[in-house]
Number of protein chains: 2
Amino acid sequence: MTNRWTDGPGPRLRDVSEDELLAQIFPLLPRGGPVVVAPGDDTALVRTAYGSVLATTDTMVRGRDWLDEWSSPADVGGKSVAQNVADIASMGGRATALLVTLVADPETPVAWVLDFAAGLGAAAAEIEVPIAGGDLSSAPAGTLMVSITALGDVDGDPVLRSGARGGDVVAVAGTLGRSAAGFVLLQQDRADDDEDLVREHVRPRPPYEQGPVARSAGATAMIDLSDGLVRDAGRVAAASGVRLELSTELLRADLDRLTGVLDDDAALGCVLTGGEEHSLLACFPPEVALPDGWRRIGQVGAGEGVTVDGRPRSGGGWDHFHP
Amino acid sequence: MTNRWTDGPGPRLRDVSEDELLAQIFPLLPRGGPVVVAPGDDTALVRTAYGSVLATTDTMVRGRDWLDEWSSPADVGGKSVAQNVADIASMGGRATALLVTLVADPETPVAWVLDFAAGLGAAAAEIEVPIAGGDLSSAPAGTLMVSITALGDVDGDPVLRSGARGGDVVAVAGTLGRSAAGFVLLQQDRADDDEDLVREHVRPRPPYEQGPVARSAGATAMIDLSDGLVRDAGRVAAASGVRLELSTELLRADLDRLTGVLDDDAALGCVLTGGEEHSLLACFPPEVALPDGWRRIGQVGAGEGVTVDGRPRSGGGWDHFHP
């Protein structure tokens with residue numbers, strides 16, 4: 001028996017880009033009301049008579065976002081916290097609570113779930129963020145996924161992607177390229193060559209604390225680096241209507257960290273386009289002294305897009321339905 | 001190559017009950033802080049210096065929570081809104097925003113996703129709840145799931161499950177047994193016999209508005225009926241340390257609605273134990289006049305558990321890993 005919705009002709013998700021799909025979905029969904037910022041930034045801000053709250057959600061799917069050979073269940077739990085809390089931090093906020101959904105094949109070992117919960121709990125406890133609730137569901141054979149919603153507070157207005165101005169300094173808090181370098185080592189079966197890099201891939205610990213610090217210091221725009229430096233810098237450039245001009249000279253320490261593990265081209269690729277680092281990129285007015293924990297990697301100029309050493313550069317891409 | 005986490009010996013999720021699993025997970029997760037109510041009620045309340053927010057999350061998985069033969073994509077979208085918003089209502093709150101996660105096999109037709117978004121958007125727009133954000137991820141072949149987080153406001157303290165007192169009136173807002181009756185018709189390939197009942201199964205429209213109404217009227221305890229009248233009444237009884245005494249005489253109209261479609265035993269089963277209705281059950285002090293939209297179905301007495309016409313009754317059960 002055919003089903004008009006599942007068996008009909010017409011394009012499949014694999015046939016359209018994520019951006020094309022979202023462009024068709026967004027007009028179908030109600031907007032506005034108490035939702036002050038959304039979608040299109042890292043995190044929504046919902047402001048009502050009873051207060052304001054930041055809210056963001058992110059999902060990890062086995063086989064897409066992690067491989068069991070490389071990540072322990074505790075790693076998956078820790079990384080799921082990191083991804084979501086970094087999105088709160090990138091608005092200048094602090095996470096206040098997490099909701100955790102686990103959808104699992106009934107054949108999943110109980111030990112997997114308990115190690116996952118221990119890793120998630122430890123990552124949340126370290127930053128004093130309680131688990132407020134969640135959901136547990138069964139899934140078809142082989143499927144295992146984790147979806148987290150993080151809630152947070154921001155002291156006043158959040159820092160958006162759209163506030164960068166010509167003359168601002170572009171700065172980063174946290175590492176660059178290490179998660180991607182760890183991923184390369186895992187792919188090449190060379191995990192023993194640099195266990196620290198592998199750890200930064202399977203269990204990142206982003207500099208969440210620097211989000212509110214940057215906000216207090218006067219950051220004009222901020223984003224967390226989930227899809228790579230150049231791609232995420234391009235998002236700030238597009239939202240702000242400016243050009244972000246990066247300099248490899250200012251990335252020297254990041255590149256040097258990967259020397260001896262990867263060749264120079266691969267190291268540059270990891271630093272410029274490696275994803276899942278979850279460090280923070282922000283723009284600061286030129287008169288602001290960068291807070292401790294932040295380092296300059298470029299400047300904001302007129303124009304659009306991202307340049308590296310004066311040449312336009314695009315960040316490559318990641319699309320969930322065309323990996 | 002075997003993997004210690006996925007291939008090791010030891011119990012699987014199918015070998016333990018959901019309650020046993022949660023009892024092992026909860027101690028691993030940090031609690032407290034700004035989370036005032038959680039877990040163990042329908043919805044968490046997170047209260048900080050910046051305000052307070054209700055937050056709840058619920059997931060629907062194809063093959064578990066819906067079948068493509070019975071539910072259109074728009075039905076799935078509408079029901080996912082209903083489930084979550086009913087949880088906010090059951091605290092006496094109003095939903096303020098939704099976050100929507102869709103995890104889909106890349107072979108999913110684009111038309112499925114757009115019809116889903118239209119149904120979700122229409123259900124949210126009808127109650128003026130904007131979509132604040134979400135996430136889109138790819139899934140293994142055949143997997144399709146939707147996870148929603150609902151945020152909400154409550155005017156003062158929320159209504160918990162734990163406040164019922166001896167002498168209170170037990171009352172319901174909304175229908176009883178119709179979703180389950182519709183499910184029976186679908187299973188028996190008799191959907192044409194009563195399309196309204198089928199619609200109440202695939203696309204419920206719970207009486208959300210009655211949550212704040214009950215709170216204002218002085219409800220002492222409230223829950224949304226997601227797992228059946230007796231089972232959910234039992235949760236209020238357990239949380240409050242009382243007995244909920246139900247009367248089939250007071251359920252006469254609900255039973256009569258199913259006459260001619262189901263035999264008397266099946267009708268009684270649907271009304272007492274049918275799930276996914278998402279009507280609201282609340283307890284009110286005896287001196288309170290029940291608000292419009294609420295009707296008495298029993299009373300609160302001393303003891304524990306639930307009685308129907310004076311006899312103890314358990315609600316059956318639903319466990320995600322042992323359906």
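**View 1. A:Leu246 stands opposite A:Gly298 of β11(A).** Strands β9 (residues 243-246) and β11 (residues 294-301) of chain A pair in the antiparallel sense over four bridges; two strands count as paired if DSSP finds at least two bridges between them. Helices (H or I, at least four residues) and strands (E, at least two) are DSSP runs numbered from the N terminus. The model is predicted: local features need pLDDT of at least 70, side-chain atom pairs count only at pLDDT 80 or more, and totals for chains, interfaces and linings use all residues. Residues are numbered from 1 along each chain as its sequence is written, chains are lettered from A and ligands numbered from 1 in the order in which they are written, and side-chain values use heavy atoms, with hydrogens and water left out.

**View 2. The open sheet of chain B has seven strands in the order β8-β10-β7-β11-β9-β12-β13, with mixed pairing.** Because β8 (221-224) and β13 (311-312) of chain B stand at the edges with a single partner strand each, one side of each is left without a neighbour in the sheet. Within chain B, β7 (residues 169-173) pairs with β11 (residues 294-301) in the antiparallel sense over five bridges, and B:Ala173 stands opposite B:Trp294.

**View 3. Helix α6 (residues 210-217) of chain B lies across β7, β8, β10 (280-284) and β11 of chain B.** Buried residues (under 20% relative accessible area, 1.4 Å probe, protein chains only) of α6(B) are B:Gln210, B:Gly211, B:Pro212 and B:Ala214. After α6(B) comes B:Gly218, with a positive phi near 105 degrees.

Key:
Contact = heavy atoms within 4.5 Å. Axes fitted to C-alpha atoms, helices over the stretch in contact; angles between N-to-C directions. Buried < 20%, exposed > 50% of the residue type's maximum accessible area, 1.4 Å probe, protein only.
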